[in-house]
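Work through the exercises below with the sequence and the model open. Each task is followed by a solution in steps.

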Amino acid sequence: ERGGANAVAIHGRTVGHDATIPADWEALEEVVIQTKTKHPHIPILVNGDFYTRHEFTNFMERTSADGVLLGRPALYNTSIFRKPPSQQPTTHTNGSTLPEDAIYGYKSPLLLDKTTVIQEYLREAVRYDVHFRNVKYVLCEMM
């Protein structure tokens with residue numbers, strides 16, 4: 001706070017921790033909880049292998065983290081930030097509540113067709129004159 005930070009981002013990996021090894025959510029959870037306890041007014045953003053909305057919303061609820069930062073997960077699951085419209089059912093026909101992963105996971109009805117997402121990305125890349133190497137990288141990651 002004294003240093004003037006408006007927010008703090010905490011990653012679930014440490015230096016030398018290769019991206020092929022899953023982020024350490026237990027350590028991340030411990031650090032976030034301790035940081036929030038000591039500095040409750042600074043927003044804490046978390047990062048590290050949250051591949052579904054269900055994963056990061058549960059983590060945020062457990063730790064009181066204020067937000068999430070995503071890199072590869074947002075490319076792999078291009079609809080990860082979509083929220084259900086208020087009219088979307090969150091219950092089965094028998095009245096029981098749908099599990100969050102059915103609403104927010106990889107089989108979610110919220111997910112947009114990947115072809116549509118790629119076409120829209122390409123339109124935006126042309127619009128903003130994105131370097132072709134960056135476009136190629138993003139497209140490869142989306143696939």
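**Fold order and confidence**

From the N terminus on, the elements of the protein run β-α-β-α-β-α-α-α-α. This is a predicted model, in which local features need pLDDT of at least 70 and side-chain atom pairs count only at pLDDT 80 or more, while totals for chains, interfaces and linings use all residues. Residues are numbered from 1 along each chain as its sequence is written, and side-chain values use heavy atoms, with hydrogens and water left out.

**Exercise 1.** State how many helices and strands the protein has, and where confidence is lowest and highest.

Step 1. The protein has six helices and three strands. Helices (H or I, at least four residues) and strands (E, at least two) are DSSP runs, numbered from the N terminus.

Step 2. The mean pLDDT (the predictor's confidence in each residue, from 0 to 100) of the protein is 85, and 83% of its residues reach 70 or more.

Step 3. Confidence is lowest in helix H4 (residues 100-104), with a mean of 64, and highest in E2, with 96. Where pLDDT is low, the predicted coordinates should not be read in detail.

**Exercise 2.** Derive the strand order of the sheet and the sense of its pairing.

Step 1. E1 and strand E2 (residues 44-47) pair in the parallel sense over four bridges. Two strands pair if DSSP finds at least two bridges between them.

Step 2. Val 8 has Ile 44 in E2 as its bridge partner, and Ala 9 stands opposite Leu 45 in E2.

Step 3. E2 and E3 are also joined in the parallel sense, over two bridges. Here Leu 45 stands opposite Gly 67 in E3.

**Exercise 3.** Describe how the chain connects the strands, and which face of E2 is covered.

Step 1. E1, H1 and E2 make a right-handed β-α-β unit. A crossover is right-handed if, with the strands pointing away from the viewer, the path from the first strand over the helix to the second runs clockwise.

Step 2. From E2 the chain crosses through H2 to E3, and this β-α-β crossover is right-handed.

Step 3. In E2, Ile 44 and Val 46 form a covered face, and Leu 45 and Asn 47 an uncovered one. In a regular strand the side chains alternate between the two faces of the sheet.

**Exercise 4.** Which side chains meet in salt bridges, and where do the partners lie?

Step 1. A search of the whole structure finds five salt bridges. A salt bridge is a side-chain nitrogen of Lys or Arg within 4 Å of a carboxyl oxygen of Asp or Glu. Three of them are treated here.

Step 2. The side chains of Lys 36 and Asp 66 meet at 2.7 Å, N to O. This pair links distant parts of the chain: Lys 36 is in helix H1 (residues 25-38) and Asp 66 in the loop between helix H2 (53-63) and strand E3 (67-68), 30 residues apart.

Step 3. Lys 36 counts as buried at 14% relative accessibility, whereas Asp 66 is partly exposed at 43%. Buried means under 20% relative accessible area, exposed over 50%, partly exposed in between (1.4 Å probe, protein chains only).

Step 4. Glu 120 and Arg 123 form a salt bridge at 3.0 Å, N to O. They are three residues apart in helix H5 (residues 114-127), and therefore separated by about one helical turn. Glu 120 is partly exposed at 36%, and Arg 123 is partly exposed at 49%.

Step 5. Glu 124 forms a salt bridge with Arg 127, with the closest N and O atoms 3.1 Å apart. Both lie in helix H5, three residues apart, about one turn of the helix. Glu 124 is partly exposed at 26%, whereas Arg 127 is exposed at 58%.

**Exercise 5.** Locate Thr 78 and list what it touches, not counting residues up to four places away in sequence.

Step 1. Thr 78 lies in the loop between helix H3 (72-76) and H4, and is partly exposed, with a relative accessible area of 22%.

Step 2. With that exclusion, Thr 78 touches Val 117 and Met 142. Contact means heavy atoms within 4.5 Å.

Step 3. Thr 78 and Val 117 are 39 residues apart in sequence and 7.1 Å apart in space, C-alpha to C-alpha.
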